[in-house]
Amino acid sequence: MTVDYEVTASAPGKMIVLGEHSVVYGKPAVAIAIDKRTVTKVSKCDDFYVNGYRPLAGAHPHIRSIMLDNNISSLSVYGDTTLPTSSGLGSSAALSSSLSLAVRTLYGKDTDKETIARESFEAEWFAQGRASPLDTSTCTKGGGVALNSPEGLGRHLWTIDKAGKTWDVKEIDVPDMTFVIGYTGIHAPTGPIVEKVRKYKEHNKFAADIIDEMGLIALIGMNAMRRNDKEDLGDAMTKNHKLLSILGVSCNELNKLVNATLPYSYGSKLTGSGGGGSMIALTDEPEKVCEAITLRGGTPIIVHTDTEGVRLEENTAE
Ligand code: MEV
């Protein structure tokens, strides 16, 4: 099926530097947009197509959520990405954010970043069953984004409330630091891992204590980031990884990459929901870290961090 798509938008992926999982429970966290983007094209039509095919019932929950939000039942969507999917690098948040901008542009609606961040967060919540606005706010805003950071750390963007939790979203300056991502090649969808943590926390006081501790470590790491203190930030990252492992969201492949990169890094941890996906290392020796990741079967990606958020690429609908 050949379609002349009317609107094209794109959004970057993200890496979580500190605070995944605990952020779902309102604890502080920080993420940075990365220079790999998802491109989404849309066009009006009289049916529902994704990449030229009619999707099965229940497939593509992020897309369905954004269509529902915009009161439309038919749409032709095309998506393409340079992000590995289910990799902890924000492919679904980048899809939601770019689709929200594309659809709202197609229908002449508000396209300010706060509206896009809220709509794409609702899509994540709908698809995952539970979520924080960290991924979607980062992919929408670009650069560095902190949630529930201490007073004076970052500039307020928007506040999001859901299910009794409140997240104060701020933009932060990203210091001149080098991160390397290591992708395990293992697909790990976020929803089931978030649900596993929820069950663990519900039945076990120990899990709740770990989540509190992760919140404290994230605060220490954020303050280190503000001071441009790589030693202390790296230390917080490695501690965060240990707590995530105790929470049961790491795996052998991630631990292998983390351990292999530690000798050349200030700190190293899984990033995103875990269970596979990716890890990150903060380093002054990116080549050695890349080599260590490759030797253990991972795929290294050197990150460029001054990445723009969601943006319109083309609009022929006007
Ligand atoms: C996934 O990238 C990050 C999690 O904290 C879930 C979320 O914040 O929605 C695991």
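In which sense do E1 and E2 pair, and over how many bridges? They pair in the antiparallel sense, over 11 bridges. These legends describe a predicted model, in which local features need pLDDT of at least 70 and side-chain atom pairs count only at pLDDT 80 or more, while totals for chains, interfaces and linings use all residues. Residues are numbered from 1 along each chain as its sequence is written, and side-chain values use heavy atoms, with hydrogens and water left out.

**View 1**
Helices (H or I, at least four residues) and strands (E, at least two) are DSSP runs, numbered from the N terminus. Two strands pair if DSSP finds at least two bridges between them.

**View 1. Thr 8 in strand E1.**
Strand E1 covers residues 7-18 and includes Thr 8. This threonine is buried, at 7% relative accessible area. Which residues does Thr 8 contact, leaving aside neighbours within four places in sequence? Val 39, Thr 40, Lys 41, Leu 312, Glu 313 and Glu 314, where contact means heavy atoms within 4.5 Å.

**View 2. The open sheet E9-E10-E8-E11.**
Four strands in this order make an open sheet with antiparallel pairing. Strands E9 (267-271) and E11 (299-302) stand at the edges, and each has a single partner strand, so one side of each is left without a neighbour in the sheet. Neighbouring strands are turned by 25° against each other on average, direction ignored. Is E9 largely enclosed or open, and why? Five of its five residues are buried, so E9 is largely enclosed by the rest of the structure. Helix H8 (residues 252-261) lies across strand E8 (178-183), E9 and E10, running at about 10° to E10. Helix H9 (residues 286-295) lies across E8, E10 and E11, at about 10° to E8. Axes are lines fitted to C-alpha atoms, for helices over the stretch in contact, and angles run from 0 to 180 degrees between N-to-C directions.

E9 and strand E10 (residues 278-283) pair in the antiparallel sense over five bridges. Gly 267 stands opposite Leu 282, and Ser 268 stands opposite Ala 281. Six residues lie between the two strands of this hairpin, and Gly 272 in the turn has a positive phi of about 90°.

**View 3. Helix H5 against helix H6.**
H5 (residues 190-203) and H6 (residues 205-226) pack at an angle of about 115°, with their axes 5 Å apart. From H5, Val 197, Tyr 200, Lys 201 and His 203 meet Lys 205, Phe 206, Ala 207, Ala 208 and Ile 211 of H6. By class, the contact has six nonpolar, one polar and two charged residues. In this scheme Ala, Val, Leu, Ile, Met, Phe, Trp, Tyr, Cys and Pro count as nonpolar, Asp, Glu, Lys and Arg as charged, and the others, Gly among them, as polar.

**View 4. Aromatic pairs.**
Rings of Phe, Tyr and Trp (its six-membered ring) pair if their centres lie within 6.5 Å; planes under 30 degrees apart count as stacked, over 60 as edge-to-face and the rest as tilted. The count comes to three aromatic pairs. Tyr 5 and Tyr 78 form a tilted pair, 5.9 Å centre to centre with 40° between the planes. They lie 73 residues apart, with Tyr 5 in the segment before E1 and Tyr 78 in strand E4 (residues 75-81). Tyr 78 is partly exposed, at 30%. Phe 121 and Trp 125 form an edge-to-face pair at 6.0 Å and 75°. They are buried and sit four residues apart in helix H3 (residues 113-128), about one turn of the helix. Together with Trp 167 they form one aromatic cluster.

**View 5. Cysteines.**
A disulfide is a pair of cysteine sulfur atoms within 2.5 Å, and a search of the whole structure finds zero. The sulfur of Cys 290 is 20 Å from the closest cysteine sulfur, in Cys 251, too far for a bond. Cys 290 is buried, at 15% relative accessibility, whereas Cys 45 is partly exposed, at 25%.

Note on methods
Buried < 20%, exposed > 50% of the residue type's maximum accessible area, 1.4 Å probe, protein only.
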